[in-house]
Amino acid sequence: MLSKSLRAQIGILILATSIIQLANGFFGTFISLRVAVEDFGPTVSGLVLSSYFAGFTLGALRCERIIERVGHIRAYAAFAGMVVAATTAMPLLAGPLPWFILRAVIGFGCSGIFVATESWLNAKAEPAERGRIFSVYMFGTFLALALGQLLIGQAAVETAEPFNAIAVLFAVALVIVSTTWAEPPRRTASSSLALGQLCRAAPLAVAGCMASGLISASFYSLVPAWMQDEGIARETIAIFMLFAVLGGLAFQVPIGRLSDRFDRRIVLSVLSFGFAATAIAVVSLPHSRAVILPAAALLGGFMSTMYPVCVANAHDQMPADQVVAVTGRLILVSGLGSILGPLIGTSVMARFDIDGGFYLMAAVSMLLALLAVARGLVTAPPIHQERTFEILTPQATSLAHVSARRSAKNY
């Protein structure tokens, strides 16, 4: 049983992270709209949008060493300060190259914040309490991400005000965390794993994580701009993204149970086919709220469950003592997909009109579905391992991947 003091410390940490995710959810949608307004051109816009995911992926792989060296509070302060400084500088240095660099810095800083937060929670929580604590943590994350989307309807996208609001939220979280006490996490030994070895053992999982990263990053980076160019009201864009986040939350538990009961390759093929069909329907059907809001929930649900199903499939086929190494490699693969998503998506949209982004996501999803079906026909299903499906957040290359890595260390 946690002491009152320890519960307060954990509560403060969860509150601070929820504030950061409120800012992060708003920032992700806002920057898509703002880059469209700046009209950098398709290739440069893709680079700017992709740079966040590049920074985040690098941070997920490197920030742990920084935390171990300087401690949790100082590392958290450094990462949050990095995000505040870069966010505040963006309206002052409006241009493709500065924004490319600054978005990468923001991605690195956000990654560091999440790594510090989750290792901190792991250090404070007893094993018997960890599941309940992380459930509260994930609920706060989903709620904050959802509320962040609602801010879009009130934002003056063309001004510096949204940047300032985001910086204020990160600064508030920094103040909250700076008043609490850090406890170093327990260190765990991990084994190395070559990416080629993982590709040979679980090719579908590797391909699926790459596709999931590409689809998710394309969705959160490009869809708001697509809706804006379609003449859809900004309030409707905010609600659309909100429904996508809530759909991701609603799908997690039922898909997790299905994934544990049936061949995960079949589950993945159904999710991929479902996403592809819904994406094409969004382009083809009338853009009324009665159509696009349920579609948003379906897209968010299908999209956010592809990655955890792939992770579970990989763990089914790898030794238990390599769970950390497997998850780390899949983080990297998904991060590479997330970097490519906006970059390829903006080029496709420039060549095949604004609907090209949805067609790209549908095509990648369909290829993944066909690969899953093909693997199911030629190989026997692996034996399910216990506790391999984790509830993950819907943001591309975001807390989801760090969460999977941290959760893996608890097995």
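Buried means under 20% relative accessible area, exposed over 50%, and partly exposed in between, using a 1.4 Å probe and protein chains only. With that in hand, welcome to a predicted model, in which local features need pLDDT of at least 70, side-chain atom pairs count only at pLDDT 80 or more, and totals for chains, interfaces and linings use all residues. Residues are numbered from 1 along each chain as its sequence is written, and side-chain values use heavy atoms, with hydrogens and water left out.

**Overall build**

The protein chain has 14 helices and zero strands; these are DSSP runs numbered from the N terminus, helices being H or I with at least four residues and strands E with at least two. Of its 411 residues, 58% count as buried.

**Salt bridges**

Five salt bridges are found in the structure, each being a side-chain nitrogen of Lys or Arg within 4 Å of a carboxyl oxygen of Asp or Glu. Here are three of them.

| Pair | N to O distance | Burial |
|---|---|---|
| Asp316 and Arg264 | 2.5 Å | both buried |
| Arg265 and Asp263 | 2.9 Å | both buried |

Take Asp316 and Arg264, whose salt bridge has its closest N and O atoms 2.5 Å apart. Asp316 belongs to helix α11 (residues 289-316) and Arg264 to helix α10 (residues 264-284), so this pair ties together parts that are 52 residues apart in sequence. Through shared partners, salt bridges join Asp260, Arg264 and Asp316 into one network.

**Aromatic rings**

Rings of Phe, Tyr and Trp (its six-membered ring) pair if their centres lie within 6.5 Å; planes under 30 degrees apart count as stacked, over 60 as edge-to-face and the rest as tilted. The count by this rule is 14 aromatic pairs. One of them, Phe219 with Phe240, is stacked, at 6.2 Å centre to centre and 25° between the planes. Phe219 sits in helix α8 (residues 203-229) and Phe240 in helix α9 (residues 234-261), 21 residues apart, and both are buried. Elsewhere, ring pairs link Phe26, Phe27, Phe30, Phe40, Trp99 and Phe163 into a cluster.

**A nonpolar patch**

Phe273, Met366, Leu367, Leu370, Val373, Leu377 and Val378 make a nonpolar surface patch of about 670 Å². Patch residues have over 30% relative accessible area and no salt bridge, with like charges joined within 9 Å and nonpolar side chains (Val, Leu, Ile, Met, Phe, Trp, Tyr) within 5 Å; areas come from the Shrake-Rupley method with a 1.4 Å probe, and for residues only the protein chains shown count as cover. Helix α13 (residues 356-378) gives the largest share, six residues. Val378 lies in helix α13 and counts as exposed at 64% relative accessibility.
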